[in-house]
Amino acid sequence: MSVPLRAVDTHCHVDLYPDPTATLRNLSAAGLAVVAVTNTPSVFPHMRDFAAEHDCVYPALGLHPELALGRSSELALFDEYARTATFIGEVGLDGVSDDPRTREAQRRVFTSIVDTCRNIGGKFLTVHSRRAAAEVVEVIGPSFPGVVVLHWFSGSPAIAKEAVARGMFFSVNPSMVGANSGRAILAVVPRDRVLTETDGPFAKISGRAAVPDDVLSCFPGLASLWHVSPDEARQTTLDNFRDCLQRLGVV
Ligand code: MN
């Protein structure tokens, strides 16, 4: 890192930008880092190689819930790469589909992933839980030997409280900080459990794809919620990320 770390985008689909190298240009010079999630185990080696050439990228091994039905055959590959991958994502459950086969495959894939990560320990999971928040919290269970981050959480404040009680973190993006529903969740999440993300390029900001630099847009909103300066809000989320790495034994 050429300059001290200032902020981290803990959930970004770096491999889905038209030119990932261009997207990350100047990122480490700006003091930013990114957890580069992937959607299927078969693409993880490419992201791992890409990350080896960029000091601001933490590569993550994932199997996205919306691909669980078609890609469950890659679970063996997931288990193989999980032996050495510290960061895991995107994984989770998605309750938008009511097709029983889809839901069954998601549940089976996510349960297997959580079991693998529990058995190895020391993993950082960035977890999708759209319309499935209670079920995600249930599958992960009351105690998990690692760091669980609920990404762009949109469940109820009651489930958020339960997740807090179970030691989970929350990664917030500019849309979430700007929305009443997002602020209602942040009201029940302690400051020391909040991380930042963009979910680019899926998430949009003013009609364009979000990029990792957009994490900086979270800080004015967090600052007003927490009654601190934007720079203090930034420092808090950075300290929280460092706390996560310490829990994992990475630093
Ligand atoms: Mn995502």
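How do the residues of the lining of the largest cavity divide into nonpolar, polar and charged? In this predicted model, local features need pLDDT of at least 70 and side-chain atom pairs count only at pLDDT 80 or more, while totals for chains, interfaces and linings use all residues. Residues are numbered from 1 along each chain as its sequence is written, and side-chain values use heavy atoms, with hydrogens and water left out.

The lining comprises 5 nonpolar, 3 polar and no charged residues (Ala, Val, Leu, Ile, Met, Phe, Trp, Tyr, Cys and Pro count as nonpolar, Asp, Glu, Lys and Arg as charged, and the others, Gly among them, as polar). A cavity is a set of points, on a 1 Å grid over the protein atoms alone, where a 1.4 Å probe fits but cannot get out; lining residues have an atom within 4 Å of a point. The count is 1 cavity of 30 Å³ or more. The largest cavity holds about 30 Å³ of space, volume being the space filled by probe spheres set on the points, which are joined across faces, edges and corners. Its lining consists of Ala7, Val8, Thr10, Leu195, Thr196, Thr237, Leu238 and Phe241. Two or more of these residues come from each of strand E1 (7-12), strand E8 (194-196) and helix H11 (230-248) (DSSP runs numbered from the N terminus, helices being H or I of at least four residues and strands E of at least two).

Strand E1 also carries His11, which counts as buried because its relative accessibility is 0% (buried is under 20% relative accessible area, with a 1.4 Å probe and protein chains only). The His11 side chain makes polar contacts with the side chains of Glu90, at 3.0 Å, and His13, at 3.4 Å (N or O atoms within 3.5 Å, one able to donate a hydrogen and the other to accept it; residues adjacent in sequence count only if both atoms are side-chain atoms). Beyond its neighbours within four places in sequence, His11 is in contact (heavy atoms within 4.5 Å) with residues including Val35, His151 and Asp199.

Key. On a 1 Å grid over the protein atoms alone, a cavity is a set of points where a 1.4 Å probe fits but cannot get out, and a pocket is an open set with protein on both sides within 12 Å along at least five of seven lines; lining residues have an atom within 4 Å of a point. Buried means under 20% relative accessible area, exposed over 50%, partly exposed in between (1.4 Å probe, protein chains only).
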